[in-house]
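Reader: I would like a close look at one part of this model, and then an account of what else can be read from it. Please keep it plain.

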Amino acid sequence: MDDAAANQQLVQFRNVSFSLPHASTPIISELNLDVARGETLVLLGESGCGKTTTLKLVNRLLVPSAGEVVVEGKSTTAWDAIALRRRIGYVIQEGGLFPHFTIAANVGLVPGLLGWDQMRIQDRVRELLDLVGLAPEQFAKRYPRELSGGQRQRAGVARALAADPPLLLLDEPFGALDPLTRASLQREFAELSRRLGKTAILVTHDVREALLLATRIGLMHRGRLLLLEPPDRFLASDNQQVRAYLETLAVTERGGTTR
Amino acid sequence: MNFWQFLQLNWPELLLLIRQHIVLVFIAIAIAVIIGVPVGILLTRHRALRGPVLGIANVMQTIPSLALFGFLIPIPFIGGIGARTALVALVLYSLLPIIRNTVTGILGVEPSVREAAVAMGMTDGQVLRQVELPLAMGVIVTGIRVATVIAVGVTTIAAAVGAGGLGVYIFRGLRQYDNNLLLAGALSAALLALLADFLLGLVERRRKLVPTAAAVIMLLICVLPLRGGSSNTDNTDNAGKVTIGSKDFTESALLAEIVAQMLEARGVLVERRFELGGNLPHEAMVSGTLDLYPEYTGTSFTAILHHKPIGDPRAVYAQVKQEYAHKFKVEVSAPLGFENTFAILVRGAEARKLNLKTISDAAPHTPKWRAGFGQDFMSRDDGYPGFSKAYGLRFADVREMDLSLTYIALSSNKVDLIAGNSTEGRIATLDLFQLADDRHYFPPYEAVYLVRQDTLARVPAIREVLDKLANSISTDDMRRLNYEIDGNRRDPKEVVREWIGGKR
């Protein structure tokens with residue numbers, strides 16, 4: 001692969017395996033995966049399939065047992081872990097906000113770590129809260145416990161975007177929300193990521209979410225990547241697992257329930 | 001005297017003791033926090049250390065406080081008598097709750113929050129300072145709160161090593177069977193504990209107060225000790241100073257006060273370290289923190305030098321004098337003129353009814369009697385084991401209790417025979433009868449002063465005073481003086497001042 005091509009790929013998994021010490025079965029087996037700049041890759045799979053582990057290998061919360069994860073042309077183990085993480089936005093369920101920080105302090109966290117001056121941080125926080133639909137004058141001074149689940153999730157996204165990182169990792173960001181809030185947040189996020197042109201890796205077990213947000217969908221099962229296709233080809237696939245997922249979608253469509 | 005009158009009379013002293021108490025607790029807790037929180041943090045980073053360190057801290061807490069003070073006395077630098085030893089013990093006691101709660105608090109932080117912090121690109125130090133410590137603060141403050149309340153209680157024991165504090169009143173109250181003293185000491189300590197609990201509870205609920213509270217504590221630590229925290233020790237020139245100790249009973253404190261006042265009258269600077277428990281005065285004198293204290297030849301002979309009891313007073317005195325000079329570089333003064341031996345006491349009415357004069361007379365009756373003995377008598381070589389064998393005594397029951405309580409127990413029919421002190425003022429007032437030691441079992445307990453040889457050389461006035469006191473206090477004198485304090489509840493300093501005035 002030449003340099004230009006490598007530059008196109010923001011994240012590359014090369015024969016990555018991961019297992020816990022003393023465990024017999026690996027959590028991730030021989031994963032090969034490229035994430036191009038600007039795309040939203042959705043990793044889909046049931047609980048325990050290894051999709052969250054895959055995510056944590058990118059920002060070096062975990063280190064591969066074999067193979068390597070390359071971010072911006074450099075293996076994660078060659079990166080300074082702190083510098084690497086500050087270039088990657090991370091959103092988890094419920095936002096993972098610090099309960100003892102105000103929303104403004106949570107959102108301004110990474111810029112603060114990067115040593116921005118206070119004025120610039122304040123401006124950025126206001127801009128981001130506007131962007132995710134939280135009126136700054138109303139929410140900046142509140143604590144996470146004073147917000148609804150959806151509002152917390154918005155704040156979490158704002159925090160991940162604060163230092164304008166090239167890459168976003170999202171671990172079931174909308175999983176804990178009620179169906180209506182989830183649907184509207186998903187739409188807003190799709191709009192937002194198109195507008196900002198960020199590269200994102202999103203983990204979910206919700207096919208509808210995958211179809212709505214993904215440029216490509218990676219289906220994971222027992223630590224392996226079964227399939228990696230754009231949504232239209234995913235829908236047309238005759239893979240058994242894919243069909244099973246699409247079945248559930250059909251059921252919810254007919255029955256009108258989401259879970 | 002009722003409690004209210006007692007308080008009106010003694011409030012300046014009580015306030016001083018409360019201040020000493022607070023200073024001791026404050027400093028101990030501050031040191032324990034400065035050590036305990038970082039150790040707790042370290043334990044969250046090194047799982048392997050957690051078991052051993054918490055185990056050691058746990059063991060520390062199970063050592064009875066008096067025993068811990070005892071262990072510390074002979075240790076150089078941190079030991080000795082006074083506030084320093086007390087602080088070391090208090091810190092050791094306070095460490096466990098603080099370390100444990102620091103560990104629990106930090107490990108109790110929501111894993112997703114910690115993970116988010118790491119994923120944001122925080123360094124370990126930033127995660128600790130900005131996320132883990134603030135979120136664990138409530139639990140850590142709870143640990144400090146528990147440690148403080150425990151420390152307020154343990155500090156009452158610190159009086160036994162001469163550190164001052166409210167324990168002075170509690171110990172004195174127990175000894176003199178004075179409920180006012182006991183109440184003033186115990187009630188104040190309890191109120192202090194409640195106050196500390198309340199204030200730290202406030203801090204616990206309002207985390208924002210933590211920095212303020214920390215600042216206040218640091219400020220107080222800087223300011224308080226300078227204002228005479230540990231009695232009259234600081235800011236004085238040590239060159240001509242004599243540190244006088246006493247054991248923890250009225251007579252010993254009286255004898256020490258007599259020397260102290262006579263030395264002060266000769267312009268010598270005196271530091272009083274009275275009411276030290278157990279063998280502390282001896283150990284403190286040998287280690288150099290005490291210069292002088294009153295002792296009894298029989299006690300030195302048996303309890304310190306570990307000889308078998310013998311009956312000849314001259315022989316005991318001569319041997320004690322010679323061995324002390326040789327072994328401890330300590331001089332033994334001439335006898336003061338009275339003995340304070342164990343007095344085997346029964347109720348006067350009982351003695352008259354059964355026509356008892358000697359211990360041998362009583363032997364046939366003892367299988368029906370209950371005996372009450374102090375801890376000291378139960379444990380020492382010349383005490384209960386040898387005594388009961390020498391007279392072939394058997395009792396229906398033997399109870400170990402506080403010595404000062406045995407007199408009341410005897411007069412109120414709770415026990416039938418006790419081993420008191422022959423100079424005890426209450427022997428006459430409670431109508432108790434001393435059985436004669438017809439087999440001369442008890443060694444002679446002549447009162448003397450012990451003084452370090454180097455102190456004698458340094459302060460010549462001591463010899464002058466000791467010569468003057470030789471053979472000048474009779475057993476009757478001593479009983480009367482003891483009764484003035486224990487019976488009439490008078491101030492020892494005043495009683496001694498009168499006595500010295502009368503002698504002149």
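Which residues of α2(A) are buried?

Author: This is a predicted model. The buried residues of α2(A) are A:Lys51, A:Thr52, A:Thr53, A:Thr54, A:Leu55, A:Leu57 and A:Val58. A residue counts as buried here if 20 or more other C-beta atoms lie within 10 Å of its own C-beta atom. An α-helix has 3.6 residues a turn, so residues three or four places apart point the same way. Just after α2(A) comes A:Arg60, with a positive phi of about 60°.

Chain A has other residues with a positive phi. One of them is A:Glu172, which has a phi of about 40° and is not a glycine. A:Glu172 sits in the loop between β7 (167-171) and α9 (179-196) of chain A. With 20 other C-beta atoms within 10 Å, A:Glu172 is buried. A:Arg222, also not a glycine, has a positive phi of about 50°. This arginine, A:Arg222, is placed in the loop between β9 (216-221) and β10 (224-229) of chain A. A:Arg222 counts as partly exposed because it has 15 C-beta neighbours inside 10 Å.

In chain A the mean pLDDT is 87, and 93% of the residues reach 70 or more. Among the elements of chain A, the lowest mean pLDDT, 58, belongs to helix α1 (residues 3-8), and the highest, 94, to helix α4 (residues 103-107). Residues 254-259 of chain A have a pLDDT below 50, and this stretch makes 3 contacts in the model beyond near neighbours in sequence. Where pLDDT is low, the predicted coordinates should not be read in detail.

Chain A also touches chain B. The contact takes 14 residues from chain A and 14 residues from chain B. On the chain B side, α5 (111-119) and α6 (124-155) each supply at least two residues. The largest share of that side comes from α5(B), with 6 residues. By class, the side of chain B that touches chain A has 9 nonpolar, 4 polar and 1 charged residues.

Helix α6 of chain B also holds B:Ala147. B:Ala147 counts as buried because it has 29 C-beta neighbours inside 10 Å. Leaving aside neighbours within four places in sequence, B:Ala147 is in contact with B:Ile29, B:Ala32, B:Ser94, B:Pro97 and B:Ile98. B:Ala147 and B:Tyr93 are 54 residues apart in sequence, and their C-alpha atoms are 7.7 Å apart in space.

The rest concerns chain B as a whole. Chain B contains 23 helices and 10 strands. Its C-alpha trace spans about 90 × 55 × 50 Å along its principal axes. Of the 504 residues of chain B, 45% count as buried. Among the contacts in chain B with a separation of 6 or more, 78% join residues 24 or more positions apart.

The domain assignment of chain B gives domain 1 (3-227), domain 2 (242-339 + 447-503) and domain 3 (342-435). The centres of domain 1 and domain 2 of chain B, taken over C-alpha atoms, are separated by 36 Å. Between these domains, 17 residues of domain 1 are in contact with 16 residues of domain 2. On the domain 1 side, α3 (65-72) and α7 (167-176) of chain B are the elements that give two or more residues. The most comes from α7(B), with 5 residues. That side of domain 1 divides into 9 nonpolar, 5 polar and 3 charged residues.

In soluble globular proteins, nonpolar side chains tend to be buried together. The largest nonpolar core has 186 residues, and those touching the most other members are B:Leu24, B:Ala28, B:Leu90, B:Val259, B:Leu292 and B:Leu450. Helix α4 (residues 83-107) of chain B gives the most to this core, with 15 residues. Domain 1 and domain 2 of chain B each contribute at least three residues to this core. B:Val259 is in contact with B:Ile244, B:Leu292, B:Tyr449 and B:Val465, its neighbours within four places in sequence left aside. A second, separate core has 24 residues, including B:Phe342, B:Phe377, B:Leu417 and B:Phe442.

Key: Residues are numbered from 1 along each chain as its sequence is written. Chains are lettered from A and ligands numbered from 1 in the order in which they are written. This is a predicted model: local features need pLDDT of at least 70, side-chain atom pairs count only at pLDDT 80 or more; totals for chains, interfaces and linings use all residues. Helices (H or I, at least four residues) and strands (E, at least two) are DSSP runs, numbered from the N terminus. A residue is buried if 20 or more other C-beta atoms lie within 10 Å of its own, exposed if 12 or fewer, and partly exposed in between; C-beta atoms are placed from the backbone. Two residues are in contact if their C-beta atoms, placed from the backbone, lie within 7 Å. Ala, Val, Leu, Ile, Met, Phe, Trp, Tyr, Cys and Pro count as nonpolar, Asp, Glu, Lys and Arg as charged, and the others, Gly among them, as polar. pLDDT is the predictor's confidence in each residue, from 0 to 100. Domain bounds come from an automatic or database domain assignment. A nonpolar core is a set of buried Ala, Val, Leu, Ile, Met, Phe, Trp, Tyr and Cys residues joined through C-beta atoms within 7 Å.
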